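Colleague: Could you walk me through the labels you put on this model? I would like to know what stands behind each one.

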Amino acid sequence: MKVTTIGTGYVGLVTGACLAEMGNHVVCLDVNAEKIRILNEGGIPIHEPGLDAVVKRNVEAGRLQFTTDVDAAVNHGTILFIAVGTPPGEDGSADLQYVLAAARSIGQRMTDYKVVVDKSTVPVGTADKVRAAIAEELARRDAKVGFAVVSNPEFLKEGAAIEDFMKPDRIVVGSDDEQATLMMRALYAPFTRSHDRLFVMDVRSAEFTKYAANAMLATRISFMNELALLAEKVGADIELVRRGIGSDPRIGYQFLYAGAGYGGSCFPKDVKALVRTGREHDQELKVLNAVEEANDRQKLVLVDKIVARFGEDLAGKRFALWGLAFKPNTDDMREAPSLVIIEELVKRGAAIAAYDPVAMSEASKMLAQVQGVSFCERAEHALADSDALVIVTEWKEFRTPDFDRIKSELKQPVVFDGRNLYEPALMSTLGIEHHAIGRGTRKSD
Ligand code: NAD
Ligand code: UDX
């Protein structure tokens, strides 16, 4: 099939590359000429494991192209995915300006039947707006061309995007157009070979499903983070509690990790947008309000622990900080807890020696205005002369570090473990003062 993605960010690029992998001919369009230049020169603008190989293979096979040429891109695909950003507006609602601009650019150019797919995460009712925008543009140039608008939200996780797209738990298609449904089924058939995982539903339910999924996952995390705070007070270990409850199949093990708060380009904005949708319909989503509030507080938990240990005035103190990205295996810094933690520590006079395997270039841009932050080439380099080690992101290379080196290079062996990487008992044996999340604090003997 001929497919176009409008927007070549995380979602558009992964969607385009994975669809090309199944034999489709895909054109990825973006307004960002720099991104397209990098891709056309064989580079990948984001860090996403496995993506470079899929892109390279399909470019070489002539099935995947990148362009800024809107005419060519719109005319190429019969199926056009809109995969542009939907950032939060000032009131928290999803800003649809990019989605609607993409819709208009389709309406201004299409000359034959198109299935327009909303891949971006968009509030209920957006498909109607996309349909109206396209129809308006067609009417403006008196063009009589058929089209359908379907919703096909994306559930991939960054850092595991290729795996998630190639082996999806489910594919949700919201469609009230028979021909479009058939085409979507055909497009996704190679991804659902072992058993049918494609759910066709009405457009509004599909749009809603995406927000419901992210809100549910964010709720689990905030709930566990709250329990972790209480576990510290009552002398329980949240890691043992996690295993104890996760073994119940009604609960399950995933997304129950307490930590330094959730970040990323989806949970924070999607929770806000759903709260906003509720308000537009005179319904206060009380649970979700609390989820957001708990997460804002959780991003400060490591700072609270550091202040409790070293005092409010951190002038003259230096902290080694491992992990900047909002999660491992990505260079994405959007809404990363590390940004809040660094800002709060620096505000109190501390200096930060930061390290991240891939996100330092992105982080240095976002922290350009913040004084007192230096970036280290290797994790160990951050330790020397630091008062403590603060771990914010659970990259694999932090899981079994050289604890002797940590002990000898830090001014005193203090570790703030924001992702519960280390066993408190082991830290105690090693003589490292270990401050974890929801696991109590073991002082070295
Ligand atoms: P992104 O910011 O990485 O990419 C969006 C791209 O769209 C940018 O490169 C931008 O230049 C381009 N763009 C904007 N307007 C355009 C236009 N008119 N024509 C062509 N290109 C245009 O965003 P993303 O992370 O890929 O997210 C896209 C959507 O998918 C959002 O709605 C997001 O909520 C949703 N989503 C994201 C993820 C994720 O993990 N990142 C997962 C599921 C869903
Ligand atoms: C999320 C959804 O998982 C995905 O389905 C959707 O398509 C996009 O949003 P993503 O933001 O890429 O994906 O990463 P995810 O793995 O969900 O992590 C989000 C945040 O939650 C990270 O900051 C992570 O550290 C945090 N998290 C996750 C926890 O704090 N505890 C957990 O148990 C899981």
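Predicted model: local features only at pLDDT ≥ 70, side-chain atom pairs only at ≥ 80, totals over all residues.

Colleague: What makes L156 buried?

Modeller: A residue is buried if 20 or more other C-beta atoms, placed from the backbone, lie within 10 Å of its own, exposed if 12 or fewer, and partly exposed in between. L156 has 20 other C-beta atoms within 10 Å, so L156 is buried.

Colleague: And why is F255 called partly exposed?

Modeller: F255 has 14 C-beta neighbours inside 10 Å, and therefore counts as partly exposed. UniProt, in an unreviewed entry, includes both L156 and F255 in its "binding site" feature; such annotations may be inferred rather than shown by experiment.

Colleague: Why is α9 called oblique to α10?

Modeller: The axes of α9 (residues 203-234) and α10, lines fitted to C-alpha atoms over the stretch in contact, come within 10 Å and cross at roughly 130 degrees. Angles under 35 degrees count as roughly parallel, over 145 as roughly antiparallel, 65 to 115 as roughly perpendicular and the rest as oblique, so α9 is oblique to α10.

Colleague: Which residues of α9 and α10 make the contact?

Modeller: M224, L227, A228 and A231 of α9 meet I238, V241 and R242 of α10, where contact requires C-beta atoms, placed from the backbone, within 7 Å.

Key: Residues numbered from 1 in each chain as written. Chains lettered and ligands numbered in written order. Axes fitted to C-alpha atoms, helices over the stretch in contact; angles between N-to-C directions. Helix = DSSP H or I, 4+ residues; strand = E, 2+ residues; numbered from the N terminus. Contact = placed C-beta atoms within 7 Å.
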